[in-house]
Amino acid sequence: MAAETEMEADEQERQNLDALGEGLIHEEFKEADEVSNIISTLKDIYTDQIAVEMALERFTVIMDSYQEQPHLLDPHLEKLLGQLIEIVRESAVPMPVIHLVFKCLYLITKVRGYKVIVRLMPHEVADVEPVLALLAQQNPMDHETWETRYVLMIWLSIVCMIPFDMVRLDSNIKTATGEVKKPIMDRILDVVKIYLNVNDKALDAAAYCAARFMTRPDVKKKKLPELMDWLVQGLVKADTSKMQGVTAMRGELATLAAIFKHGKREDVIDFAPIVLEKLGECNLREVNNTILRKLAIKIVQRLGLTFLKFRVAAWRYQRGSRSLAENLALKGLTPAVAKPTMVHTKLEDDEEEEFDIPDEMEEVIEQLLNGLKDKDTIVRWSAAKGVGRVTGRLPQELADEVVGSVLELFSLRESDAAWHGGCLALAELGRRGLLLPERLSAVVPIVLKALAYDEKKGDFSVGAHVRDAACYVCWAFARAYDPEEIKIYVNNIACSLVIASVFDREVNVRRAASAAFQENVGRQCTFPHGIDILTTADYHAVGNRTYCYLELSVFVAQFPEYTKALIDHLAQVKVNRWDSVIRELAAQALYKLTPCSPEYMANTILPALLPQTTGIDLNTRHGTILAVAHITQGLAEWAQENGKKITDVVDPSIIDGLKNIAKTLQDAKLFRGLGGELMRRAVSCLIEKLSIAKMPYHNDTIIDCWQEIIDDCLRHIEPSIQAAATSAIPAFFSEYHSLPDGSPKPEFQEKILTRYLEELKSIVEITRMGFSQAIGQFPKFMLQGKLKPVLQSLNHAATVMTDKDKTFAEARKEALNAMTCIFHTVGVETDGSPHSVICKENIHEQFDILFVAMGDYTLDSRGDVGAWVREAAMCALCELITLTVKVNPTLITAEITKHLFCCLVQQASEKIDRTRALAGETFMKLLYHSPEIPNIPHKEELLQIFPWEEIKGLNWAVPSDTFPRLTKLLSVPVYCYSVLLGMTVSVGGLTESLVKHSGTSLIGYLKSLSNDAGAVQNFADVLIKIFKDYQKVDRVSLPMLKMLDQLLTNGCFQVICEDESNTFPMDLLTLCKQEISRSGAVQKLLASIDIFCTLLQFSSETKKKALIQLMVFLCHRYPIIRKTTANKVYEALVTYEEVGPDENLDELLTLLSETSWDDEVEKLRPMRNQLCSLFNVPPPVMKKQPMKES
């Protein structure tokens, strides 16, 4: 059941993700005109903050939706950028408008990438000064306008590349202060240096701009040495313990990386040794800042590429074709056509021999290899790319040494980070053809180990990123090598990838393995049954873990190449996992895979697992016990299908070993202490599966041991252990406690029933719960002749008999659930024996008990725990009615049907969504039941109110859908009381949406009766009856007061209260006074104040008594009551007419508003008495305490 629930949840999550993904697919940039219109309005709306926010939000939403398909913007980019730049170029444009423009430019740049956008920015000579002028106006510390600075720096990076000597742009014109302007070259560098020390996105743009600027021939001669010196000095001086130092170093490192990337080798080679030396002095490997370490690795790899001349390694492996289409086309050609090539000419060999490797390369490679072990993924990824790039320029001998060093990372002494970095490096080397086929014999076993890498740390494990990277290696190998080269490793790689895609714990690894498998199938064309597997185990299918274990594994295992590999992985790896969910899934998967290779399971897997079931490791014990239990069940079912017995399939020594597991664990006291809960669940499962397998243990002493274990588990406090034990009972009792004719062993039946029924009277709630569940799972033969005492005991357990019982709500729920199961087990027979079946003699007693349970409203610190009992009672009633109507509908009397439907509509009107949903679904199931339920009151009206076509998709838990229909039942007299009782709790509840929709529906219904005084009077009479019936029952009376306030405030009773002879207002007043009598509940008193104030609008007698009560409240002992009363009376005076004498109105309002009602009561009593005089009502008089007799 748990697996099915998880599968449903996983499937729902996958569907949601798929729907989300489909929603982001575009065919073109449809919002181009809308974006253009937003841009054109920027100058008009910049002063309206709300309009600006709305425009930017819409602009952001549109752009973000194209993050996955940015190329769709390309046809429109030039127009949009031109439109934005045109606004910037206009004279006298306010700075807020310019900031808005650059925000829009940044949003476009974020989606399409700065490398595309920068090429489309205007870059004429006339743009240099304006861009620099705009930058000069910016405040680098203003964090609200960083987009402006970022885009300006990006713009400057293209503007500074104009094909003219910068000196020509210099001017001798003096500034307003009389100084000559600095040369353009210096001004650009000054700006760059400023923004290299700013902690925002402009820093990245400044580094890019500096690198581009330094590639100019005129600039690099004059300024490159100066800038390099400034950057190196900054590195040395930076203090990484402070934020400002980290920011400065980040800017300097980013600039150095960009310069060595964009600069020509001959221009920067002289600086490389110095930079490498200073970088080493900074010891950035120890800095606790990921970005700095990543930039350091990036610089190191760029330095390595600078030290080595650009060349394509002649020794690299070159596959004949990298095109998938061409590969498929070549399948029919001779092998020579698609043969991979490794060209070695004499000239190239001579060049390789003469190649000079600088001494600094040793340090470069060492730092890159260390970077592969960094704790952060982005650093390792950068190092892996560096290893690939640098190795491509090395001679074959040195490159092979690098590969060897990378392989040394795959050691048990190394951390998971080293394994991950090593996998990334192998993938990069393979992708670039630098991992020669001769190395595959050493590399492939390592990659296969990485595909299963999992290192336990405490109660979790690490290794998902390693396995993911190993999948990337397999993906890269598929593209890099010719099928002939990798042919001998195909089966191992295929099995490992299938295992990862089906059995890995993490969804990203399963999908990565599936993608790698798909790539190999397409590129290599040698994976066994590749197409068949891919069509089923695709990217979406492997997203559901439960489905992978229980369905996909069975499909893949039908191919013999994968069968044993899948089984071995489950038996050797997954049953020992730290995650109990995986162990349980592995055991279930082994059960599913048993028919695929039953001999292998019986002769190899079971003997291997059995000794581990009593080992010292908890996880291994738990997993292997579950595994042998499920395998045994699978073997028994396979044997039965083939006309054999389990003893014909399983060795006798295995049968004895399985029998002794429980006894061995019990003797070792492994059911106690740490891990005892896991062992109890596992052994309960073992008992169940061995019973299903019909193991030959009849009349063996182990049966008593198993019974003792089950009984002990039923008393356990953990519900999951009770559930496991309960699940084992049907199979266990049926196999080992019944006679060949299907009847129970008499002595056993009497002993078990006596003990189990006695446990239902336990003073421990959890014990009652466990044994109730167990009794509910009894096979039919166990209840033969004993049904009456069983039902009587369950009825007793389901009823509140003492104050102690009242707190046992969960025990009552389980007793009712047990009754439901028993009804289903024994069935209904009209003239049957009450000792064996439900019949006409005992059915009415069961209905009575269930109806009592429907009124269980027990409250405790957890809330309305009685709801669990009511829900269980509803299920039991539904089961009993359904069974009875199929056998003999006459057993269901009109009174039973009326009571049942009234209870259901009441529960469907109440406040708990879960209970309301169950009641509504049960109501509809019985209303439209086939065969028909007899004697349903006013069935025709019900069918009109709840037509099947409209109601079949109704979600009863949603108040807005439910209450508009339920209020229509108020017009049906039979259901009016029940519906109104339920709605009272909802309308006067606490949940905003519930109060809103239920209150609106009820008020709307009463408004529709505004012209029918008789109907409103009937409603009022029912309301008064409910109020009387639940007087002093806070569950109903407090919501009743709140609901009455809403109804009176909205004038729902106006039509009957216009008649001064109508007693409804006075009845209401009397009931309210009785409700709050001697009450200290603040919430109830506050709610009553609202009622008394709304009653001031009615007849003089009602108004007078209400005023007297309000005057009493003005001197209440609680200040909040006094203050609230004064405020409410003030509002009533303003709202209603003739509440007080008109001539005294101003004085009344003044006295109520200006008196400090927080003062002591003795000081307030004269003020209150003055108000009484002004209202013309007698002042309240304190009751005298009776004199005690001396």
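Predicted model: local features only at pLDDT ≥ 70, side-chain atom pairs only at ≥ 80, totals over all residues.
T290 itself lies in helix α17, which covers residues 290-307. Is T290 buried, exposed or partly exposed? At 24% relative accessibility, T290 counts as partly exposed.

Next up, a serine, S734. You'll find S734 in helix α39, residues 719-736. S734 is partly exposed too, with 35% relative accessibility. Its side chain reaches the backbone oxygen of P730 at 2.7 Å. If we skip residues up to four places away in sequence, S734 touches I729, P779 and F781. There's also a pair to look at on your screen: S734 and F778 are 44 residues apart along the chain, and their C-alpha atoms are separated by 9.0 Å.

Now let's go to another serine, S157, in helix α9, residues 146-159. Buried or exposed, what would you say for S157? S157 is buried, with a relative accessible area of 0%. Setting aside residues up to four places away in sequence, S157 touches V118, Y208, C209 and R212.

Staying with buried residues, here's an arginine. R216 has its place in the loop between α11 (202-214) and α12 (217-222). At 6% relative accessibility, R216 counts as buried. Which backbone oxygen does the R216 side chain reach? That of I162, at 2.5 Å. I162 also shows up in the contact list: leaving aside neighbours within four places in sequence, R216 is in contact with C160, M161, I162, F164, D165 and M166.

Okay, cysteines. How many disulfides does the model have? The count comes to zero. Let's look at two cysteines to see why. A disulfide needs two cysteine sulfur atoms within 2.5 Å. For C548, the closest cysteine sulfur is in C471, 13 Å away, so that is too far for a bond. For C713, the closest one is in C705, at 11 Å, and that is too far as well. By the way, C548 is buried, at 0% relative accessible area, and C713 is buried at 0% too.

Last topic: empty space inside. Rolling a probe the size of a water molecule over the atoms shows where empty space is left. How many cavities of 30 Å³ or more are there? Three. The largest cavity has a volume of about 50 Å³. Its lining is made up of V498, S501, S514, F517, I533, L534, A537 and V542.

To recap, then: T290 and S734 are partly exposed, S157 and R216 are buried, and the disulfide count is zero. That's me done, thanks!

Note on methods. Residues numbered from 1 in each chain as written. Heavy atoms only, no water. Buried < 20%, exposed > 50% of the residue type's maximum accessible area, 1.4 Å probe, protein only. Helix = DSSP H or I, 4+ residues; strand = E, 2+ residues; numbered from the N terminus. Contact = heavy atoms within 4.5 Å. 1 Å grid on protein atoms, 1.4 Å probe; cavity = no way out; pocket = protein on both sides within 12 Å on 5 of 7 lines; lining within 4 Å. Points joined across faces, edges and corners; volume = space filled by probe spheres on them. Polar contact = N/O pair within 3.5 Å; in protein donor to acceptor, adjacent residues only side chain to side chain.
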